[in-house]
Amino acid sequence: MSSAPSKRHVPLLLGYKKTKAMVRGKDKKVSLNLTSMIDMFTILVVFLIKSYSAEGQIVTISDALTLPQSRSEQRIELNLEIMVTGDAIVVDGEPIVYVDEELLSQGNPIPVLVERLSDHLEYTRLMRGISDEEEMKVNIQGDVAIPAILLQRVMSSCATAGYSTQNLTVIKVEGGDEE
Amino acid sequence: MAKPASGRSHRIRHSPEVDLLPVMNLFCVIIPFLLLSASFLEISIIEMAPTEGISTSGAGTTSLAQSEEQQLQPKVIMTQEQMFLGTVFGTSPISQVTQEVRGGELVDTYDLQALSDALEDLREELDREFASIPVHKITILTEDNIRYDNIVMVIDVCAEHGFDQPGLQVAAYSVLRRQLDAAAAASGGE
């Protein structure tokens with residue numbers, strides 16, 4: 001049986017029904033060259049495996065803010081999320097304080113935020129049975145354009161409420177060694 | 001007439017063909033799965049070290065009972081005009097603030113390469129003079145309206161040189177100016 005590819009144009013038919021053209025040239029086998037496609041798929045699979053995340057996304061980034069970029073390698077943990085934008089401070093999805101001139105003119109903890117965070121801490125301790133000694137952490141998602149005073153007020157509010165460790169959420173970028 | 005045998009084999013060797021269809025089937029299953037679970041945006045965190053707040057009078061950063069590491073802890077001071085590096089060896093200006101377009105907006109920017117060079121020198125000096133004391137903490141002391149992304153960039157540069165426990169302090173310009181003047185007077189008096 002000859003396996004040489006036909007020089008005649010033979011349409012690729014996916015069905016089983018044989019046409020007259022196929023019956024006439026029944027010895028001619030059409031083979032699709034898959035090598036180049038396999039090459040492409042291999043590259044694609046390698047790229048996708050590299051960017052594969054088994055954990056999934058454990059934080060949701062709001063559209064209202066743009067996170068800063070950093071070369072930090074530290075992995076994010078599931079903690080209480082505080083979003084700080086130029087308009088409002090949001091704790092666990094609930095807007096707590098709206099940002100205005102008065103808020104930016106002082107440098108102390110924000111009482112409403114401290115109260116909300118303390119309540120959350122108390123609730124977490126009761127529900128999950130976390131001891132007082134255990135370190136409580138909070139993730140702060142700040143917009144790139146917020147002023148330092150706002151960030152500092154949020155951080156000091158967290159510290160006052162009992163969240164001793166504050167993590168800044170950032171977008172990881174590659175290229176730490178290129179400089 | 002038959003040709004005489006030449007002694008060579010004239011059999012045509014067919015290379016065996018690999019059936020690629022099962023591989024294609026596998027790829028067709030794997031690729032949609034990987035596409036769905038791929039994360040193209042990786043989120044990480046910067047863990048901040050707890051710092052004492054700075055009061056409006058400028059006090060609050062010094063304490064009598066400071067540990068050796070605290071005494072050696074450097075401080076990057078960011079104002080809207082300049083950036084300074086305050087160390088146990090003295091406070092020195094690093095760079096002037098310039099402006100660049102970032103995200104379609106004209107914003108202040110700092111010379112991070114100059115900061116990197118200064119921190120590299122400081123790290124060498126600390127390793128030489130105080131080899132037994134590990135210094136990882138650094139304080140970022142900023143004016144109250146410095147942009148958050150500038151702070152994160154400075155934290156990144158600090159982490160590259162082993163100062164990976166950043167703390168944040170914020171003060172009004174007048175307070176920072178007073179601190180810088182005091183530091184300049186102290187280094188001039190020595």
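Student: What makes B:Asp127 and B:Arg123 a salt bridge?

Tutor: In this predicted model, the closest N and O atoms of B:Asp127 and B:Arg123 are 4.0 Å apart. The rule asks for a Lys or Arg side-chain nitrogen within 4 Å of an Asp or Glu carboxyl oxygen, so the pair counts as a salt bridge.

Student: How do you know that B:Asp127 and B:Arg123 are separated by about one helical turn?

Tutor: Both sit in helix 3 (residues 112-129) of chain B, and they are four residues apart there.

Student: Why is B:Arg123 called buried, and what is B:Asp127 called?

Tutor: B:Arg123 has 17% relative accessibility. Buried means under 20%, so B:Arg123 counts as buried. B:Asp127 has a relative accessible area of 46%; exposed would need over 50%, so B:Asp127 is partly exposed.

Student: What makes B:Arg147 and B:Glu105 a salt bridge?

Tutor: Their side chains meet at 3.8 Å, N to O, and the cut-off is within 4 Å, so the pair passes. B:Arg147 is in the loop between strand 7 (137-143) and helix 4 (148-160) of chain B, while B:Glu105 is in strand 6 (residues 105-109) of chain B. The two are 42 residues apart, and the pair links distant parts of the chain.

Student: Buried or exposed, what do we call B:Arg147?

Tutor: Buried: its relative accessible area is 14%, and the limit is under 20%. B:Glu105 comes out at 42%, between the two cut-offs, so B:Glu105 is partly exposed.

Student: Which residues are in the network of salt bridges with B:Arg147?

Tutor: The network links B:Glu100, B:Arg102, B:Glu105, B:Arg147 and B:Asp149. Over all chains, the count comes to 10 salt bridges.

Student: What makes A:Glu73 and A:Lys172 a salt bridge?

Tutor: Their closest N and O atoms are 3.5 Å apart, and the rule is within 4 Å. A:Glu73 lies in the loop between strand 1 (69-70) and strand 2 (80-84) of chain A, and A:Lys172 lies in strand 6 (residues 165-172) of chain A, so the pair ties together parts that are 99 residues apart in sequence.

Student: Why is A:Glu73 called exposed?

Tutor: Exposed means over 50%, and A:Glu73 has 58% relative accessibility. A:Lys172 has a relative accessible area of 18%; under 20% is buried, so A:Lys172 is buried.

Student: How do you know that there are zero disulfides?

Tutor: A disulfide needs two cysteine sulfur atoms within 2.5 Å, and a search of the whole structure finds zero of them over all chains. As for accessibility, A:Cys158 is buried at 0%, and B:Cys158 is buried at 0% as well.

Student: Which residues have the most contacts inside the largest nonpolar core?

Tutor: A:Ile89, B:Val76 and B:Ile140, in a core of 60 residues. Helix 5 (residues 148-161) of chain A gives the most to this core, with eight residues. Leaving aside neighbours within four places in sequence, B:Ile140 is in contact with residues including B:Val76, B:Met78, B:Ile151 and B:Cys158.

Student: What makes the nonpolar surface patch of about 340 Å²?

Tutor: A:Phe47, B:Leu35 and B:Phe40 do. B:Phe40 lies in the loop between helix 1 (21-37) and strand 1 (43-48) of chain B. B:Phe40 has a relative accessible area of 55%, and exposed means over 50%, so B:Phe40 counts as exposed.

Definitions and conventions
Residues numbered from 1 in each chain as written. Chains lettered and ligands numbered in written order. Predicted model: local features only at pLDDT ≥ 70, side-chain atom pairs only at ≥ 80, totals over all residues. Heavy atoms only, no water. Core = buried A, V, L, I, M, F, W, Y, C linked by side-chain atoms within 4.5 Å. Buried < 20%, exposed > 50% of the residue type's maximum accessible area, 1.4 Å probe, protein only. Contact = heavy atoms within 4.5 Å. Patch = residues over 30% accessible without salt bridge, like charges linked within 9 Å, V, L, I, M, F, W, Y side chains within 5 Å. Areas by Shrake-Rupley, 256 points an atom, 1.4 Å probe, with all protein chains shown as cover.
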